[in-house]
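Here are my notes for anyone opening this one for the first time. Have a look at the chains, then read on.

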Amino acid sequence: MDYVPALARWLHFMAGVMWIGLLYYFNFVQVAALKAATADGTAAGITKHVAPRALLFFRWAAVVTWLAGAALLSDKFVDAFTLRHGMAGIGVGAWLGTIMLFNVWVLIWPNQQKILGLKPATDEEKGAARRVAFLASRANVALSIPMLFFMAGGWSHRALFGL
Amino acid sequence: MTSGRNHAIVESRADARTGCDVPWESAGSACPRLLQSDSTARCEFRGGADCFFLLYQQSKGEIQMKNPLDSLWGTIISGLVLTVILYFVVKSVLG
C-alpha cells in the first residue's frame, strides 16, 4: 500500500491548488470585477455563468483536498489534530484547512445560493447573506496564509523551528 | 495630528464636538481630554490610562472600528500576523 501516500499527496496538491486558486480568484478578481460589471450593467454574465461554475469546483475541490489530506496523514491523523509527537506544524495546517472547509460548506455556499438566486430569499436576506459570504471568504484568504506556511513546512522549515 | 511614544494629540478645526480628525459618529464620547478654544478643538491622549479608556469605549461599542477583512491588504496583513502568532505557538509546542 506504499502507493496510497504518493497518490494522496498528488491528489491533495491538485485539489488544493484548485480550491485555493478559486478562493484567490473570488477575492482578488471577482469581487472587484463584479463591482465594475454592476456599474455598467454586465454583472449577469458573471453571476449567471461564471460564479456558479466556479463555486461548484471550489466547494468540491475543498472536500477532495481535505479527504486526500486525511488519507495522507493516515495513522498520524490523530497526532496531527492533537499537535502531538512532532506533528504540531502540519497539525496547525490541518486545523486551519478544516476551519476553511467548514467556512466553505456552512457559511459561503448556503449564502451564495441565496445571493445567486438558487434558493429563494428576500432582498434583506440577500443583503445579510452577501455580508456573511464575503466575510467568510475573506477569512479563508487570511487563514490560507498560515495554512500554506504550515502545510508546506517540510524539511525546509525545520531550521525555522530550531530543529 | 502629532504622536509620541506615550502621548498623542489629535487636532481638528472641523468638528468641535470631537476635537479629533475622526467624525463624531466614529469617535463617540471616546475623547479622554477635550481642549477647546475659539478656533481649535484638540483631543489629548496621555499614556496608558487613556489607552485603557479607549479600549473600554471600544468594548462598549462607542467607537466603530473598521473590519480588516473589508480590504485585501487588511486581509493579507491579518493572515501574516496570524502566521507569526501560530509560528511561536508551534515553536513552543515543538520546543
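Which residue forms a salt bridge with Asp70(B), and how far apart are the closest N and O atoms? The notes get there in point 1.

A word on the ground rules: this is a predicted model, where local features need pLDDT of at least 70 and side-chain atom pairs count only at pLDDT 80 or more, while totals for chains, interfaces and linings use all residues. Residues are numbered from 1 along each chain as its sequence is written, chains are lettered from A and ligands numbered from 1 in the order in which they are written, and side-chain values use heavy atoms, with hydrogens and water left out.

1. The salt bridge. Asp70(B) pairs with Arg131(A), and the closest N and O atoms are 2.7 Å apart. (A salt bridge here is a side-chain nitrogen of Lys or Arg within 4 Å of a carboxyl oxygen of Asp or Glu.) Over all chains the count comes to 1 salt bridge. Arg131(A) counts as partly exposed at 37% relative accessibility, and Asp70(B) counts as partly exposed at 38%. (Buried means under 20% relative accessible area, exposed over 50%, and partly exposed in between, with a 1.4 Å probe and protein chains only.) As for the background, side chains of opposite charge can pair when their charged atoms come close.

2. The interface around it. Chain B puts 18 residues into the contact and chain A puts in 23, contact meaning heavy atoms within 4.5 Å. About 1,800 Å² is buried between the two chains, with carbon and sulfur atoms giving 79% of that. (Buried area is the accessible area, 1.4 Å probe, that two parts lose on being put together, summed over both.) On the chain B side, Leu69(B), Leu72(B) and Leu94(B) lose the most area to chain A, together 30% of what that side buries.

3. Tyr87(B). You'll find this residue in helix α3 of chain B. (Helices, H or I of at least four residues, and strands, E of at least two, are DSSP runs numbered from the N terminus.) Tyr87(B) is buried, with a relative accessible area of 16%. Leaving out residues up to four places away in sequence, Tyr87(B) touches Phe149(A), Phe150(A), Leu160(A) and Phe161(A).

4. Chain B overall. Chain B has 3 helices and 4 strands, and along the sequence they run β-β-α-β-β-α-α. Of its 95 residues, 31% are buried.

5. The core. What has the most contacts inside the largest nonpolar core? That core has 27 residues, and the answer is Trp19(A), Phe58(A) and Met100(A). (A nonpolar core is a set of buried Ala, Val, Leu, Ile, Met, Phe, Trp, Tyr and Cys residues joined through side-chain atoms within 4.5 Å.) Two or more residues each come from α1 (3-39), α2 (43-73), α4 (88-115) and α5 (123-151) of chain A, together with α3 (72-94) of chain B. The biggest giver is α4(A), with 8 residues.

6. Beyond its neighbours within four places in sequence, Phe58(A) contacts Trp19(A), Leu22(A), Leu23(A), Phe26(A), Val104(A) and Ile108(A). Thr65(A), in helix α2 of chain A, counts as buried at 6% relative accessibility. Not counting residues up to four places away, Thr65(A) touches His12(A), Ala15(A), Gly16(A) and Trp19(A).
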